[in-house]
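Biologist: I am new to this structure. Please pick a single part, look at it closely, and walk me through how it is put together and what it touches.

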Amino acid sequence: MGTATRAGIQAPRTGGASASAQSDARGGWRRRRHALAPYWFLLPYFLVFAVFWCWPIIDSALLSLQNTRVNPWAWNLGINWRRLWVDRAFHAALGNTLIIMAIQVPVMLTLATALAVALNSPLLKLRPIYRFAFFAPVVVSDAAYSVVFRVLFNGQFGAVNHAFTALGLPTIDWLQDPNAMLSTVMVAMTWRWTGYNAIILLAGLQSIPRDLYEAAAIDGATPADRFFRITLPLLKPILVFCLVLSVIGTTQLFTEPWLITDRGGPGGGAETLGTYLYKQGFVSMNFGYAAAIAYTIAGMAAVLAALNLMLTRGKQA
Amino acid sequence: MSALGRIAGILSGMAGAAVLTLTAPAMAQSDLKGEITVWSWNVAATALKAVVPDFNKAYPNVKVTVEDLGNQPVYDRGLAGCSAGGINMPDVYSVENHESSVFWARFPDCFLDLKSLDPKEADLLAKFPQFKLTELTVGDKIYAMPWDSGPAVVFYRRDMFEAAGVDPAKIATWDDFIAAGKAVQAKAGPDVKFVSNNTDSISTTWFRILANQAGCAYFDEAGENVTVNQPGCVQALETVKKISDAGLFLNAGWDGSLQAIKANRLAASVYGAWYEGSIRGNAPELSGKWGVFQLPAFAAGGNRAANIGGSSLAIPSSSKNRQAALAFINFALGRPDSQITQLKASGLVPTLPEAIHDPYIQQPQPYWGGQKIWEVVLNTLSQIKPARGTQYFAEADSIADGILVAYMKGNGKSAKETLDEAAEQISAATGLPVAD
């Protein structure tokens with residue numbers, strides 16, 4: 001969307017500039033025609049945007065103001081929004097989402113940074129193979145990998161508990177215990193997305209000029225100094241980019257809790273905003289309330305993204 | 001424009017033709033032609049598949065495809081199809097009775113009134129017991145035909161009980177059941193658990209069985225009040241907690257429980273009688289080692305009957321072969337022979353009264369150690385207390401699930417406090433008042 005709008009603004013300006021050399025009457029017509037050209041190219045996109053984005057956005061706002069559990073639906077401005085305040089299941093789902101955001105995202109980004117630095121080391125042989133290996137989980141479809149995790153973490157017959165028993169550790173009911181469920185989901189997400197973030201961070205690392213490190217080494221900076229005073233500050237914009245992507249991804253989290261812990265698990269132990277929204281909309285057939293939840297998620301994602309961006313704007317390296 | 005106009009003309013012509021075919025009077029049996037798709041799940045799908053060969057003898061030109069989608073996907077895809085205006089639906093749709101109200105209430109045009117398809121249909125439907133029809137009826141429309149019911153019983157391993165010196169005939173109360181469970185587990189070792197908690201995505205199965213046994217449910221029979229904090233439900237929840245606290249539960253869902261049964265790691269199972277076909281089909285090598293007894297009562301001499309599950313078949317309005325679909329439903333559910341075929345194949349308990357009196361019911365079953373299990377099961381049928389799922393069932397169940405899991409884990413609250421909280425939340429979610 002961002003690029004499309006930018007192209008839409010810039011294109012007419014250049015069109016106008018080239019047309020200004022033309023003679024008056026014909027030139028005016030041609031200028032207008034040129035000025036319109038980009039919009040014609042954009043038209044197919046805007047049509048799709050109007051039907052599949054604008055309309056649903058407006059329609060779901062209207063839905064959230066209706067009681068959709070009567071036939072026919074009736075206007076009732078507060079019914080769904082009021083429920084958000086008193087619905088403890090919604091609060092639990094929100095809590096789970098925030099817990100994942102507070103634990104899984106930082107852990108994953110730390111791992112990804114460490115991995116990126118390791119992959120960037122000149123000492124490392126066969127680098128492309130490692131890069132591919134760590135990026136590979138993203139290539140697997142999320143449904144397929146979720147099912148594999150579900151089998152691995154099965155409480156009675158899963159490989160993970162077998163390994164625990166072999167090591168003399170007590171087994172954990174990964175898919176039914178409320179706390180364990182959330183950890184299972186976080187482990188799975190970390191497996192899948194760490195490599196992806198590491199590759200993005202690696203690209204950032206490679207854009208840091210080598211001579212900075214050389215100069216620092218000559219000045220007697222230790223490797224730790226070099227990491228914290230050169231690598232991290234220069235990597236910050238990329239890290240923030242990864243952070244924003246991960247945080248928005250977490251607010252919309254659906255596949256992993258739905259498939260690994262069986263629809264958010266018994267008792268909603270791994271219920272997230274995404275699974276709760278789906279259940280309200282398509283299991284309980286409560287479209288109005290689901291729309292209110294969807295708007296809450298979108299609002300949350302926007303606020304969190306804005307906060308993250310403000311973090312960087314203050315001290316630009 | 002003219003090209004568009006022509007296409008529109010052709011389309012409307014086709015639509016007209018379609019209307020003509022649909023409104024044509026019901027054809028003679030064997031003349032019925034076409035293909036129908038049936039959506040169902042595991043044992044239920046197996047049962048319907050078992051009926052198809054006989055059906056094709058009577059209707060050779062109707063091709064029936066039974067698709068086993070799994071229980072929850074059938075519900076999910078049905079709701080999605082109906083909310084999209086009735087697209088991508090099969091010709092015959094399986095629905096669990098307690099979950100069915102949401103379809104009739106929110107999408108009154110998604111399924112056909114069976115009576116509207118054939119003038120003789122009303123007579124056939126009238127043969128079914130009223131408690132099965134209540135949830136399928138709205139006004140004068142009947143949206144589905146009752147299929148099976150789910151009297152809950154205890155399935156148990158004869159050899160494991162015997163080894164522990166436990167006599168199932170002496171298990172009269174849930175306290176006896178817990179004592180028996182401890183004895184069996186002590187004898188069988190740490191790998192064996194007494195019963196599965198039957199928990200897939202929702203943990204409420206046990207609670208719902210025992211609540212129904214105690215005559216309590218999320219809502220009252222009229223579906224107008226929240227009743228989940230009534231004494232019967234409190235008693236049910238306390239009992240489930242006692243079983244859990246005694247360490248008798250295997251935490252496992254549908255697949256996990258069947259695996260445990262096959263691996264000799266489960267000594268008993270409490271479920272609807274439809275589980276019979278799953279145990280038998282899953283572990284044929286355990287033939288002769290399994291038996292059945294009625295649910296223990298809350299107090300000696302009390303009610304030992306409860307229902308869990310039980311389904312019906314409906315015809316979506318989008319079906320292009322309505323008469324063939326109706327013929328299949330009538331054949332599979334409206335004839336005692338077919339119902340017995342399904343009982344043999346999957347253990348689906350008939351609701352058609354004529355089928356209940358079939359001689360097969362009285363026969364000893366070899367898999368079950370020669371026990372006349374269907375007699376045990378059907379003897380409870382008359383004591384089952386009717387309950388209504390209502391259109392809010394899924395929502396209430398999901399709320400109760402969250403609150404019950406916290407209680408079972410031990411959050412220090414009493415069963416009454418827990419269910420008061422559930423009642424308040426269900427009331428807030430549905431707008432229905434909590435009953436006094």
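Modeller: Let us start with a term: two strands pair if DSSP finds at least two bridges between them. Keep in mind that this is a predicted model. The part I pick is chain B.

Begin with one pair of strands. Strand E8 (residues 152–157) of chain B runs antiparallel to E12(B), and five bridges join the two. Within this pair, Arg157(B) faces Trp290(B) of E12(B). Now look at how E12(B) sits. Strand E12 covers residues 290–294 of chain B, and four of its five residues are buried, so the rest of the structure largely encloses it.

Next, step back to the domains. Chain B splits into domain 1 (30–149 + 309–357) and domain 2 (152–308 + 374–430). The C-alpha centres of these two domains of chain B are 28 Å apart. Where they meet, 22 residues of domain 1 of chain B contact 17 residues of domain 2 of chain B. On the domain 1 side, four elements of chain B each give at least two residues: helix H2 (42–58), helix H4 (97–106), strand E7 (148–149) and helix H14 (336–346). H4(B) gives the largest share, seven residues. By type, this side of domain 1 of chain B has eight nonpolar, ten polar and four charged residues.

Now the sheet. Five strands of chain B form an open sheet in the order E2-E1-E3-E13-E6, with mixed pairing. From one strand to the next, the twist averages 25 degrees. Look inside the sheet at strand E3 (residues 92–96) and strand E13 (residues 311–314) of chain B. They pair in the antiparallel sense over four bridges. Val95(B) stands opposite Ser312(B) in E13(B). A helix covers this sheet too: helix H13 (residues 322–333) of chain B packs on it. H13 touches strand E1 (34–40), E2, E3, E6 and E13 of chain B, and its direction makes about 55 degrees with that of E1(B).

What about the core? The largest nonpolar core has 152 residues. Ile293(A), Phe328(B) and Ile329(B) have the most contacts inside it. Helix H17 (residues 393–409) of chain B supplies the largest share of this core, ten residues. Take Ile329(B) as an example. Setting aside neighbours within four places in sequence, Ile329(B) contacts Val92(B), Met145(B), Leu313(B) and Ile315(B).

Last, the partner chain. In all, 30 residues of chain B are in contact with 26 residues of chain A. On the chain B side, helix H3 (71–83), H4, helix H11 (254–262), H17 and helix H18 (415–430) each give two or more residues. Again H17(B) stands out: its eight residues are the largest share of this side. The side divides into 14 nonpolar, eleven polar and five charged residues.

For context, chain A has its own assignment: domain 1 (2–63) and domain 2 (84–314). Taken over C-alpha atoms, the centres of those two domains of chain A are separated by 38 Å.

Terms used: Residues are numbered from 1 along each chain as its sequence is written. Chains are lettered from A and ligands numbered from 1 in the order in which they are written. This is a predicted model: local features need pLDDT of at least 70, side-chain atom pairs count only at pLDDT 80 or more; totals for chains, interfaces and linings use all residues. Domain bounds come from an automatic or database domain assignment. Two residues are in contact if their C-beta atoms, placed from the backbone, lie within 7 Å. Ala, Val, Leu, Ile, Met, Phe, Trp, Tyr, Cys and Pro count as nonpolar, Asp, Glu, Lys and Arg as charged, and the others, Gly among them, as polar. A nonpolar core is a set of buried Ala, Val, Leu, Ile, Met, Phe, Trp, Tyr and Cys residues joined through C-beta atoms within 7 Å. A residue is buried if 20 or more other C-beta atoms lie within 10 Å of its own, exposed if 12 or fewer, and partly exposed in between; C-beta atoms are placed from the backbone. Axes are lines fitted to C-alpha atoms, for helices over the stretch in contact, and angles run from 0 to 180 degrees between N-to-C directions.
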